[in-house]
Amino acid sequence: MEKELVILGLESSCDETACAITKGGKLLANAISSQISVHQKYGGVMPEIASRLHLENIACVLEDALKEAKITVDEVDAIAVTRGPGLIGALHVGIQAAKTLSLIYNKPLIPVHHLAGHIYANEFVSPLKFPLLAVVVSGGNTELVYMKEHLNFEIIGETKDDAIGESFDKVARVLGLPYPGGVAIDKLAKVGEHTYKLPNPLHDGSLNFSYSGLKTAVINLKHNLEQKGEEIVIENMAKSFQDVAVGMVLDRVKRATELYPVKQVVLAGGVSANSYLRSEITKLFEGSEIEVIIPPIWCTTDNAAMICKVGEYLYKQNVFADLSISVDPSWRIEDFKKF
C-alpha cells in the first residue's frame, strides 16, 4: 500500500498567519491567526505591522497545528510554503520558518504559488475536472486561469490596473465603511438599489479587467454630490458599485467559457466570499453542462490548508527547492516552477 503523504504547510502572504497539516489529502489541522482586528483601525493592511505580527504568530500556529494533528515534524514528509505573490516582508517570515524546519528536520522544501493554493482549495469541496476555468478574485489579484490538467496554468485574462478586492476596500473607505470593505459593501448592497450610474470600463474585446476607473468614478461621484449638498444613499452606492464590479467578472467568465472548452468553473480568492458573485455565477451556468464549484467560506480567506493541497501535487512531481530560495511578491502563476 502506498504511503499517505503528510504535508505541513505555512502561509503568511498578507494578514493571516497559518499552518496546516494534511495526510493523504485529508485535513488534520488548520491553525490560523488573523490580523484583521489590528489593521481595521488603519482602513487596510499595514505591511510593516503585518510582518511583525507574523513573526509573533508563526511559532504559535505551528505549535497549534502539530498539537491538533497529533503528530511531530519528524512524521512530516515535506514542508510547503507560500513563496508569492504577497507582501514581501510578510512572505519572508513564512519562508524563513519553512527553511528552518526543512534544515533542522531534513525535510524537502516545496515553494507554493499563493493563487494556485486558492484554486486548489476547491478540492476540499470536489475534485478538479479538466479543462477548467479558475476565476481568481482577491485583494491583490483578478485573473482568469485556464487549466488543461493539474498544475497547468494559463492566464487568459487579468486586471490591467487595480484588483477587484482592492477596489472594494478603497470604495468602502471612501464611503466610511469598515475594513475589510468587501464584507461591508456586500451586506449593504443586499438592501440597496442600483440608482447611481457608474462606468463599465475596458471594452477592448479581451478577457482582461480594469477597476481603477470604476473606483475613481465612485470617489468623484461622492465628491460631486457632497459639493451639491446632496445626501449619498450609501446602500444604493454599494449596490450600484457591486453590480458593476461583479458584472465585469460575470461577463468575462461567460465569454471565456464560449472561447475555451470548459467542464468546470471554480471560484478562488477572498472575493469569492461575495454572496452576489456566488449566486450570480451559479445562475450563469444553470442548465448547462459546466459544473460550478464554490469554495467554503473558510477557504476564501488565506489559509495553509490550500498550500498543503498544492504541496501534495508538487511533491509527486518532485518540485522542490533548496535553502537558497527567496520570496517573489510578484510571482506569476504561469511561472510556478521557476524559482
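**From a helix pair to the strands**

Glu 166 is partly exposed, with a relative accessible area of 25%, where buried means under 20% relative accessible area, exposed over 50%, and partly exposed in between, with a 1.4 Å probe and protein chains only. This is a predicted model, in which local features need pLDDT of at least 70 and side-chain atom pairs count only at pLDDT 80 or more, whereas totals for chains, interfaces and linings use all residues. Residues are numbered from 1 along each chain as its sequence is written, and side-chain values use heavy atoms, with hydrogens and water left out.

The partner of Glu 166 is Lys 170, with which it forms a salt bridge whose closest N and O atoms are 2.8 Å apart; a salt bridge is taken here as a side-chain nitrogen of Lys or Arg within 4 Å of a carboxyl oxygen of Asp or Glu. Because Lys 170 and Glu 166 lie four residues apart in helix α5 (residues 164–174), about one helical turn separates them; helices (H or I, at least four residues) and strands (E, at least two) are DSSP runs, numbered from the N terminus. Lys 170 is likewise partly exposed, at a relative accessible area of 29%.

By the salt-bridge rule the count comes to 14. One of them joins Asp 77 to Lys 3, with the closest N and O atoms 2.6 Å apart. This pair links distant parts of the chain, since Asp 77 lies in the loop between α2 (47–69) and β4 while Lys 3 belongs to the segment before β1, 74 residues apart. Asp 77 counts as buried at 17% relative accessibility, whereas Lys 3 is exposed, with a relative accessible area of 53%.

The segment that holds Lys 3 comes before β1, and this strand is the next stop. All six of the six residues of strand β1 (residues 6–11) are buried, so the strand is largely enclosed by the rest of the structure.

Toward β2, Ile 7 stands opposite Thr 22 and Val 6 has Lys 23 as its bridge partner, while toward β4 the bridge partner of Leu 8 is Ile 79. A hairpin of four connecting residues takes the chain from β1 to β2.

Strand β2 is mostly covered, with seven of its eight residues buried. Eight bridges join β2 to strand β3 (residues 26–34), and these two strands run antiparallel; in β3, Asn 30 is the bridge partner of Ala 20. The hairpin formed by β2 and β3 has two residues between the strands, and Gly 24 in the turn has a positive phi of about 60 degrees.

Aromatic contacts come next. The structure holds seven aromatic pairs, counted when the centres of rings of Phe, Tyr and Trp (its six-membered ring) lie within 6.5 Å, with planes under 30 degrees apart taken as stacked, over 60 as edge-to-face and the rest as tilted. In one of these pairs, the rings of Phe 124 and Trp 298 have their centres 5.5 Å apart and their planes at 55 degrees, so the pair is tilted. It links distant parts of the chain, with Phe 124 in the loop between α4 (114–120) and β6 (132–137) and Trp 298 in helix α10 (residues 297–300), 174 residues apart. The rings of Tyr 315 and Phe 320, with centres 5.4 Å apart and planes at 80 degrees, are therefore edge-to-face.

Charges also meet rings: the charged end of Arg 252 sits over the ring of Phe 209, 5.8 Å from its centre, the rule being that NZ of Lys or CZ of Arg is within 6 Å of the ring centre and within 35 degrees of the ring normal. Arg 252 also forms a salt bridge with Asp 251, the closest N and O atoms being 3.1 Å apart, and Arg 252 counts as buried at 3% relative accessibility.

Methods: Pairing = 2+ DSSP bridges.
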